Amino acid sequence: MSQIRFSYYLFLFFGCCWICCSTFPTTRNQEPVNDRPVIGILTQIISDEVMKPYGKTYIPSSYVKYTESGGSRVMPIRLDLSTAEYKTIFQSINGLLLIGGAVNLQTSDFAKVAKIFYQLALEANDARDYFPIWGTCMGLQLLTVLVSGELLMSRTPAENIAMPLNLTSDAYLSRMFATFSGDFMETLTQERLTGNFHHYGITVKDFVGNEKLNSFFNILSTNVATNGVQFVSTMEAKKYPFYGVQWHPEVNRFQWDIKENFPHSHHAAQLSALLADFFVNEGRKSLHHFSSPEEEAASLIYMYTPVYAGNFTSYEQIYFF
């Protein structure tokens with residue numbers, strides 16, 4: 001009888017090992033990898049009058065396609081849920097994308113919900129539970145507010161302008177650009193591959209002068225606004241998998257309004273692809289998961305249909321909520 005019991009427990013042990021390995025495969029000397037990542041995208045508050053009839057919040061489809069192109073699925077995150085619900089979502093997704101737009105960076109629902117996820121991400125990463133955050137344009141600005149506790153925005157107009165990046169020495173040692181070839185890093189400094197669509201940003205002077213920001217992030221690139229002010233255009237956290245770009249990598253492949261200066265060259269598309277691949281790979285390091293396949297399926301962006309918006313916005317398609 002004891003031999004039978006031993007064989008039974010041995011079967012259970014190896015069966016559990018097989019389930020774990022098939023869900024989160026590993027390679028020799030590496031951490032488990034999640035090859036079915038889900039990136040959460042925080043919905044944006046609608047402020048434009050022409051969009052208000054369609055809903056209260058939205059996500060431009062370009063951000064969804066950008067994330068999906070890196071090999072991830074997307075969960076839209078509404079702004080009207082409870083803290084308990086956000087904690088459940090945090091344990092279900094494998095990264096967070098903060099998109100561009102125009103809201104109050106301290107008092108808006110967008111900022112308040114982002115702060116909840118930011119605090120959860122700090123705690124998780126401190127506990128060796130990997131969770132990345134990416135901020136684009138206003139998302140970068142919001143990350144500086146969350147880290148510093150202050151609103152340090154200044155006028156840094158760069159509206160509808162594509163520019164090369166002024167890379168810092170930290171860029172060449174960064175995680176974000178680690179897979180970029182030397183030739184492509186040179187291309188970043190010479191060709192206009194980054195689309196800028198902002199009026200405000202954080203100046204290099206204010207960034208370096210703030211102890212909390214300067215100790216938390218490395219500046220990977222800077223640019224000069226049309227008013228001559230130098231601003232932070234790319235940054236990466238030193239300790240945490242948090243990243244920010246003041247420019248828009250998603251437009252290079254997924255926005256086409258002829259009135260907008262969207263970079264569409266081969267190198268511009270390549271830059272967008274490399275960064276989407278990078279961030280989703282960061283998400284693969286997170287082992288968070290939904291409680292069931294049914295819950296996962298019901299939470300994904302596939303449950304929604306984008307609206308054609310090219311006749312009243314610069315976006316081709318928008319998801320409204």
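What percentage of the 321 residues in the chain do buried residues make up? Buried residues account for 51% of them, where buried means under 20% relative accessible area, exposed means over 50%, and partly exposed lies in between (1.4 Å probe, protein chains only).

The model shown in these views is predicted: local features need pLDDT of at least 70, side-chain atom pairs count only at pLDDT 80 or more, and totals for chains, interfaces and linings use all residues. Residues are numbered from 1 along each chain as its sequence is written, and side-chain values use heavy atoms, with hydrogens and water left out.

**Figure 1. Overview of the chain.** The secondary structure comprises eleven helices and 14 strands; helices (H or I, at least four residues) and strands (E, at least two) are DSSP runs, numbered from the N terminus. The C-alpha trace spans about 85 × 45 × 40 Å along its principal axes. Because a compact globule of 321 residues would have a radius of gyration near 20 Å, the 21 Å of the chain agrees with that expectation; the radius is taken over C-alpha atoms, and the globule rule is 2.2 Å times the number of residues to the power 0.38. Of the contacts with a separation of 6 or more, 74% are accounted for by residues 24 or more positions apart, a contact being heavy atoms within 4.5 Å.

**Figure 2. The open sheet of four strands.** The strand order is β2-β3-β14-β13, with antiparallel pairing; two strands pair if DSSP finds at least two bridges between them. Strands β2 and β13 (307-308) are the edge strands, each pairing on one side only. Strands of a sheet pair through backbone hydrogen bonds, either parallel or antiparallel. Two antiparallel bridges link strand β2 (residues 44-45) to β3, and I45 has T57 of β3 as its bridge partner. Three bridges connect β3 with strand β14 (residues 317-320), again in the antiparallel sense, and the partner of Y58 in β14 is F320.

**Figure 3. Strand β3 and helix α2.** Strand β3 (residues 57-60) is covered on both faces: T57 and I59 are buried on one side, and Y58 and P60 are buried on the other. Helix α2 lies across β3 and β14 and runs at about 50 degrees to β3; axes are lines fitted to C-alpha atoms, for helices over the stretch in contact, and angles run from 0 to 180 degrees between N-to-C directions. Within α2 (residues 61-69), the residues S61, S62, Y63, V64, Y66 and T67 are buried. G71, which follows α2, has a positive phi near 100 degrees.

**Figure 4. The surroundings of N125.** N125 is part of helix α4 (residues 109-126). N125 counts as buried because its relative accessibility is 14%. A polar atom of the N125 side chain is 2.8 Å from the backbone oxygen of A121. Beyond neighbours within four places in sequence, N125 is in contact with Y130, F131, Y240, P241 and F242.

**Figure 5. The nonpolar cores.** A nonpolar core is a set of buried Ala, Val, Leu, Ile, Met, Phe, Trp, Tyr and Cys residues joined through side-chain atoms within 4.5 Å. The largest has 48 residues, of which I93, L98, F117, F216, F217 and F242 touch the most other members. Helix α4 supplies the largest share of this core, ten residues. Apart from it lies another core of 34 residues, with V64, W134, L165 and M176 among them. Leaving out residues up to four places away in sequence, F217 touches L143, V147, F207, M235, E236, A237, K238 and F242.

Figure 6. In helix α5 (residues 138-148), eleven of the eleven residues are buried, including M138, L142 and V147. Just after α5, G149 has a positive phi of about 80 degrees. L151 is located in the loop between α5 and β7 (154-163). With a relative accessibility of 46%, L151 therefore counts as partly exposed. L151 touches L105, Q106 and V145 when residues up to four places away in sequence are not counted. From L151 to Q246, the C-alpha to C-alpha distance is 16 Å, and these residues are 95 apart in sequence.

Note on methods. Polar contact = N/O pair within 3.5 Å; in protein donor to acceptor, adjacent residues only side chain to side chain.
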